[in-house]
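Please look over the sequence and the model first.

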Amino acid sequence: MTGLGRQGGAEAAKGGRRHLLSIAELGAEGIEEILEVSDAFVEVGRRSIPKVPSLRGRTVVTLFAEQSTRTRLSFETAAKRLSADVLSFSVDTSSLKKGESLRDTVETVAAMGVDAFVVRHTSAGAPAAVARWVDASVVNAGDGWHEHPTQALLDCYTIRQVLTERGGHPLEGSGVGCFVGLRVAIVGDVRHSRVARSLVLALGALGAEVTLVAPGSLLPPSLVGWPVAKVSYDLDAVLPNVDVCYLLRLQSERGAGAFLPSVREYSAWYGLTSRRAALLGDDALVMHPGPMNRGVEIADDVVALPQSLVLRQVSNGVAVRMAVLFMLLGQGQVGSGGGAPALAPISGPAPTLGTVVGA
Amino acid sequence: MAERERRLTPPRGGVFVPRVQVLTAQDVQRALTRIAHEIIERNHGLEDVMLVGLQTGGVPLSFRIASVLEEMEGTVVPVGLLDVAFYRDDIGIRPVLPEAATDIPGDLAGRLVVMVDDVLFTGRTVRAALNALGDYGRARAVQLAVMVDRGHRELPIRPDYVGKNMPTRIDEQVDVSLDGVVLGDVVPR
């Protein structure tokens, strides 16, 4: 335990409240602390009554202005297992459809007495804006192409959990030493992926060696500031030398299709087929943040392989999000300030606040 | 949770300055042996008994008691570990983080649970621990063993087995380990 949360608690005691808006603001120590607290919530999840009274009387709102299955349900499960009350807010059935602005909507909900907003939005920066408008804690559950911090945290947690189990100490926190020098390939639609941005920052901060594998058109226009060791266009050449193969979803709703000659060609070059999966080392892990395009970036039979962690990522997601909500609402602070530098702003047609992408 | 960690961490925290050695390592060992005898005596044996050490200060004490019990009765008593952070009543008031792993071996239904902690002070940790135990099943009975009872209770809680009754000032600090019990003060950094 690094004790950062306790030091930060001094601020919390003064009434300062913090948010989880990006991995960039956490730094390695902040990430490590969240992973360690997640261990305790994984234990809670194994009990016959997987619920603790920690956040009784607190209210968490999930405000999702973009479609989601697992993130939303995961946050709601996490909040309920902490005994918080959950309000679920969906843009499609709200007064946003009548033309109410996001700010008015958020302030209205906040006026009902809310302790945390979990915000997903098509526009990068929307959760940060919400954080400026309200006193409540704000958790970024995915904003445009920017970041999806809890996804990166649960991915890191899952990697660490598997490596720790192999080391033979399933209960004890292993710190984050297992990430140093870990070879991770992040494959696919990096350009449109907030998951990739958060994950690259997290893995970079923890000392992993990240290789991006994608067709040139699906890479971001600039990689300045990305803690990436290597960029490759050849998946077959990369696969034998990685410990983790992380596949990204081809984001058709953000127009990924326009960057490719055809989805079939993409799948032929960059899809993890069973032939390609055989190139992976015996201990290599296969991960995907979901939702999967089966047959595009990942083949059916690869999903079913024992080294595929897709469902384990989902289970761990609940525990990691419990840790985040507990650390935000229980003591007013997640992780520490400082840390990794923020990503360079995306040039090109990055959506800004107010534009609606793919709606 | 060990009183040591709680009191030495911000916002109230500081540096522990030892003043008096109250018990030596041998004294602690003798007290644990006596507590083990008392556990057997009170419960007419060790049937259904499970020790639960409260993280982190109670854990080494609970393992030591378990090994004494095994020596005396030839019975292996299961030892569980419990972190009560999620059950505390000061969540949101002061920084609360789990200190270490919780590991309760099996269902508590029908068990006789002896909770073990280093210092009994306000009683709030024990209150949280009782709630936490309830989530692992309905124990037949729960008893409490502590190395030091330093008084200043804020809840109607009393220990069943005490290593040493030790009147203290509320601002003093008691440090318990298998190496002994030390009374001292916390000096702000």
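This is a predicted model: local features need pLDDT of at least 70, side-chain atom pairs count only at pLDDT 80 or more; totals for chains, interfaces and linings use all residues.

Residues are numbered from 1 along each chain as its sequence is written, chains are lettered from A and ligands numbered from 1 in the order in which they are written.

**Domains**

Chain A is assigned two stretches of fold, with bounds from an automatic or database domain assignment.

| Domain of chain A | Residues |
|---|---|
| Domain 1 | 4-148 + 314-331 |
| Domain 2 | 150-313 |

Their C-alpha centres are 25 Å apart. Across the boundary, 29 residues of domain 1 of chain A are in contact with 27 residues of domain 2 of chain A. Contact here means C-beta atoms, placed from the backbone, within 7 Å. On the domain 1 side, α2 (27-46), β4 (137-143) and α12 (310-331) of chain A each supply at least two residues. α2(A) gives the most, with 9 residues. Helices (H or I, at least four residues) and strands (E, at least two) are DSSP runs, numbered from the N terminus. This side divides into 12 nonpolar, 10 polar and 7 charged residues. Ala, Val, Leu, Ile, Met, Phe, Trp, Tyr, Cys and Pro count as nonpolar, Asp, Glu, Lys and Arg as charged, and the others, Gly among them, as polar.

**A helix pair**

α2(A) packs on α7(A) (residues 194-206) at about 100 degrees, with the axes 8 Å apart. So α2(A) is roughly perpendicular to α7(A), a label for angles of 65 to 115 degrees. Axes are lines fitted to C-alpha atoms over the stretch in contact, and angles run from 0 to 180 degrees between N-to-C directions. α2(A) brings Gly27(A), Ala28(A) and Ile31(A); α7(A) brings Ala202(A), Ala205(A) and Leu206(A).

**Leu153(A)**

Which helix holds Leu153(A)? Leu153(A) is in α6(A), residues 149-167. Leu153(A) is buried, because 29 other C-beta atoms lie within 10 Å; the cut-off is 20 or more. Leu153(A) touches Ile31(A), Ile34(A), Ala202(A) and Val320(A), not counting residues up to four places away in sequence.

**Core**

The largest nonpolar core has 156 residues. Such a core is a set of buried Ala, Val, Leu, Ile, Met, Phe, Trp, Tyr and Cys residues joined through C-beta atoms within 7 Å. Ile186(A), Ala202(A), Cys245(A) and Leu325(A) have the most contacts inside the core. α12(A) gives the most to this core, with 11 residues.

Note on methods. Two residues are in contact if their C-beta atoms, placed from the backbone, lie within 7 Å. Angles under 35 degrees count as roughly parallel, over 145 as roughly antiparallel, 65 to 115 as roughly perpendicular and the rest as oblique. A residue is buried if 20 or more other C-beta atoms lie within 10 Å of its own, exposed if 12 or fewer, and partly exposed in between; C-beta atoms are placed from the backbone.
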